[in-house]
Amino acid sequence: TSNSRFFAYAIGSSKKHPEKKDVLCEWFNTSISVHICLAFLICLIFYPIGYLLIKYKLDIPQEYFNTAIIVFNISTILMFFTILQIPFFSLFIAKQLIFIRTIIGLFQRLLHLLEALILYYIVKGNLILWHSILSTSIIMLVYIITISIAFIYFPECKIHFKYWYNKTKMKELFSFASFSLFGGLGSMFSGPLTNVIVNGFCGIAYNASLNIAQQLSTKLSTFSSAVLTAVAPEITTKLAEDKLNESIDLAYKSSLYLTTLLITILVPIFFWINPLLELWLGDPPINSNWLSIIIMSAIIILESTSGLSSLLLANGEIKKYQITLGCVNMSVALIAYLCFYLKIPVLPSLAIAYILPRIIISLGRVIFLKQILKVGYKKVFFDIYLPCFTILSASILLSYLLHNLCSNSIYILPVSIIINCISSGLILIYLFPRLSFKPLVM
């Protein structure tokens, strides 16, 4: 995120000031030097720790000890090159070359499928070791292809040692990355901490249900992240070109379209959650249906202003925002603990713990945007909340009617999603024509 943000900003800056055509090359080389240092530093610190843990702390059968050491060494090498390839991958994001990234990703998945067939039908012996070797080889091949394409087709992708040590750019990169990391760590740790709290107060049955709901959350977050990754570079580029209104418009429309898409898919799932979980799990854990609905509702609330988050990151003034984001995300576990301590029932406790912080984050983005870019509150109401509430109401009504008129069969779910997609499109066309069917990225 940090690299692609600075690369996209450099692209916009060079468009506005053609004389600064080397600015992207400067940022690229600075990023290369930073990631080389980072890769060596991480390996030097964590390799001895990992080796000692494997040798003295982890309970590994003796016959698998040598395999564990080899796999650990392979993983360390892969981690080193994964860090090194980040600047090259970030160039693809900044330049919005989604098609090429998709083709490379598809090629990687086909190779992993081939690996699975080889392991199943051909390999005899130590499957763990062979899986490590084959999967690492595939990932390294993909890295080589990505880096080769970057060197061949990107004129900015040239090594200039004179740009490697730029104290100002290094400081900006580390500062941006550090605060972004703090914001992300809050989300990363809140899930496991909440699991521990639920396990302690409610037992393993509710913990299993929460894990199911969190798996759904992970998949939906990946989907949302993919959409924003496609749009965020253009928001940053427009901002660097001093096209503030276009950047704001793009951020608001991306929030609206992503939320509309989530509503049209998730609201029908709310009504058909039981047969869906039975199809997936056979015998779902207790209350996994309600926990899934709670977490999916929290995601809709959070993503309603996700485009505004991209705009805040594009602007670069992220210190207060990321600190707030990290702290509020961490509060999920604290709120859950307080609710359980006060003897509030399980489902209301988790509903409060997951939904309240997302409301705070969503509204916080609006407040930060008002403070930093002077964007009025009316715009977020009329461009995001009002159309989303209208689409949500129509989706709930249509899904409810279809669920009651038809059977509870899982086969009705796709029909409901299609009907919701049509109704959402019609609502945007006829009730909010100003917001409908304009391309996000020009």
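Me: In this predicted model, what places Glu234 and Lys238 about one turn of the helix apart?

Reply: Both residues belong to helix 8 (residues 204-240), where four residues separate them.

Me: Why is the contact between Glu234 and Lys238 called a salt bridge?

Reply: The closest N and O atoms of Glu234 and Lys238 are 3.6 Å apart. A salt bridge requires a side-chain nitrogen of Lys or Arg within 4 Å of a carboxyl oxygen of Asp or Glu, so the pair qualifies. Glu234 and Lys238 are also linked with Glu246 in a network of salt bridges.

Me: What makes the salt bridge of Glu156 and Lys95 a tie between separate parts of the chain?

Reply: The two side chains meet at 3.3 Å, N to O. Glu156 lies in the loop between helix 6 (127-153) and helix 7 (167-202), and Lys95 in the loop between helix 4 (86-94) and helix 5, so the pair joins parts 61 residues apart in sequence.

Me: How do you know whether Glu156 is buried or exposed?

Reply: Its relative accessibility is 16%. The cut-off for buried is under 20%, so Glu156 counts as buried. Lys95, at 25%, counts as partly exposed.

Technical notes
Residues are numbered from 1 along each chain as its sequence is written. This is a predicted model: local features need pLDDT of at least 70, side-chain atom pairs count only at pLDDT 80 or more; totals for chains, interfaces and linings use all residues. Side-chain values use heavy atoms; hydrogens and water are left out. Helices (H or I, at least four residues) and strands (E, at least two) are DSSP runs, numbered from the N terminus. Buried means under 20% relative accessible area, exposed over 50%, partly exposed in between (1.4 Å probe, protein chains only).
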